[in-house]
Amino acid sequence: MIIERTVTPFVVYGEDPVLRALEKITANKARIVFCVTEHGHLIGSITDGDVRRWIAGQDQVDLSRPCHEAANTGAVSALATATPAEVRPLFGGAVDHVPLVDEHGHLVAVAVNRSDAFRVGRREVGKGQPTFVIAEIGINHNGSVDLAKHLVDLSADAGADAVKFQLRDMGALYRGGTGSEGEDLGPQYTLDLLSRFNLPAERLFEVFDHAKGLGVDVMCTPFDPRSLDALVEYGVPALKIASADLTNHTLLRHAAASGTPLVVSTGMSTEAEIRESVALLRSTGTPYALLHCQSTYPAPFKDVNLRYLTRLAELGDCPVGYSGHERGYHVPVAAVALGATIVEKHVTVDKAMEGNDHKVSLLPDELRAMVERIREVEEALGSTEPRVVSTGEMMNRVNLAKSLVAARDLAAGETIDLAAVDVKSPGRGLQPNALDALVGRTAMRAMVAGDFFYASDLADAVPTGRQYAFRRPWGLPVRYHDVASLTADCTPDFLEFHFSYKDLEIDPHTAVPRPLPMGYACHAPDLFAGDFILNLASDNDAHWDRSVEELQRVIDITRSMRDRFEQEADPVVISSVGGFTSDRHVSPDEIPDMYARVAAGLDRVDDSGVRLACQTLPPFPWYMGGQLYCNLFVRPSDTAEFAQKYDRRLCLDVSHSKLAATFLGIPFSEAVDLLAPHADHLHLVDAVGVDGEGVQVGDGEVDWAVLAEQLDVHSPGVSFIPEIWQGHVNHGEGFWVALERLEQWL
């Protein structure tokens, strides 16, 4: 159990609309809020269930009605003076949050039936949350307020979630005040440093204000009750208790009584001492975390013992982290892999400066690298959910795996025996482990030797297309070889030819021997012979020149196909025009020059007779089963600015731009509002996360009803295809499913 004294996320006022309660219930992730009067007196609780019951009792639902009408006035509550032992029995059933009130009935805190997470300023810390990275400045400012502020700036730039300092009242803390005469060498050295480098509270608070102005949370270690009181009065969102004070139960009780969350280091302590302090902390109900720590400066690697993190989590029943004093930053990264949800590391501008902490500190670039590596490890850790095949693996499965294929010609109605099936690459069809299920079935279609068996061959029907009805022109993505099969049961408004670089060597008039009663568009390859990726943003002149030449070749071929299709308007040519890097995303200040380079390349291309559309791109594009970083046509704002500035049109790829919006943390509807007015063509396909592209319509995270309304406003009459990954296999099954679903919205 923890006692949450920051009650704002849990509070609605009685006269607030019920809609406000629903918004807060969603935002605080606790699924409950507490309704209070304008003076803060508790009225009752409001949960999802309370709102549903209230709605069920209304003849006409009006979410603007006041919250007090929906509140459960019989909610369990307790006095704020109750001990944790007295509050715990109130939990049970659906009760995980108990409001705590003062003697006048004012809501002052909320007891929460959990101990694995709590809030520090802007961040939730603990299980299921990104690692909370604390840049420990301590006294590395060496007594300079200006240096302290500079270290705050550098820590913020490096990606730290919080900066931490130390505050001590020298006169109250040390026997004999600040004098070190008569002390042993170690204490004498420490006292000498502190007497020169210690910043008093009023100077330190000036630095705190600077950090708050940057949006960085501040923590501080108090070494005495007077300093602790000053920090609580200032309003720090969390207190750090140093390893040296783990056994200082007087200070621990005083800190816990403040209601401020505590992060407690365990260096220099035995397990028995840790157990004793944990029992004290638990009895107070204050939120706390424990940090594993080796209090040696620098700590030998052999003494770090990271595996103790697991034991510490068992002892503390709380979030655990790591406070590191060893050289380098690889050990904190490893700690994250072992379950640390908090990492604390010292930072300095010069490791040679006077003071013990400097030599075990990270330089700002090292701190930034540590944060980046931690974020990468967090991504790599994943979950214990059942294993699924990633997007990249699916691509490689097609390229590298094997399929069941017809070993001989088969007639429809013929029984499929073992001799009729072979195992061949690539992996486009049924996986070989389906052999036993396939043998003995009746062939639902005629097949020639080498044809793939598909999932439909294990069913009683073969997927087919039909005539679809949309408010805008619709088409199918095709290769030359599957035009006939995909148009056998339907006549799309146009075909979009997705060229491979090998297809560019084929005479289009041979591939399309007679005119077709539809229009056409062409999609340029991304990859060309010799592992060459088209990139008009390249600063390598040879690469840039070839990119221009390859795009020109696609446009020339597209123009030459005109007599094979019934189309008055110029055909669209879709191209991913570049902006890729192999190891990282570039800094934002590099992007305008990259766009200018693309624009210069497009100006070199003769695009008369076609409508060239630059495709919007995902942040992490897949190429041949591997992942790159994309920098251009990802951010909706700069993509729209490019289109406006250089008078260029776009192909809005819904999957790509949804992935980008998720990556950027912006609403997808906002992205569509910016991009759709510049779109000459649409690729409609769903998306998951930041790199799950090509997902079947309705199986991902796109709100298709909202998107359809936006497209009707911003892109009326603009053509589209369902660009489902591998949608053409199994006789176009993926396309038919997508079109069936899209009809209800488009």
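The side chain of Arg-564 reaches the backbone oxygen of Val-512 at a distance of 2.6 Å. The model shown here is a predicted one. Arg-564 sits in the loop that runs between helix H20 (541–560) and strand E25. Leaving aside residues up to four places away in sequence, Arg-564 touches His-509, Val-512, Pro-513, Arg-514, Pro-515 and Leu-516. Is Arg-564 buried or exposed? Its relative accessible area is 16%, and buried means under 20%, so Arg-564 counts as buried.

Ser-576 lies in the loop between strand E25 (572–575) and strand E26 (580–581). Ser-576 has a relative accessibility of 2%, and therefore counts as buried. Which residues does Ser-576 touch, not counting those up to four places away in sequence? They are Asp-526, Leu-534, Gln-615 and Leu-617. With Gln-615, the contact is polar and joins side chain to side chain at 2.8 Å. Leu-617 is 41 residues from Ser-576 in sequence, yet the two C-alpha atoms are 7.3 Å apart in space.

The last stop is a helix, H13, which spans residues 330–337. Its buried residues are Val-331, Pro-332, Val-333, Ala-335 and Val-336.

Technical notes
Residues numbered from 1 in each chain as written. Predicted model: local features only at pLDDT ≥ 70, side-chain atom pairs only at ≥ 80, totals over all residues. Heavy atoms only, no water. Helix = DSSP H or I, 4+ residues; strand = E, 2+ residues; numbered from the N terminus. Buried < 20%, exposed > 50% of the residue type's maximum accessible area, 1.4 Å probe, protein only. Contact = heavy atoms within 4.5 Å. Polar contact = N/O pair within 3.5 Å; in protein donor to acceptor, adjacent residues only side chain to side chain.
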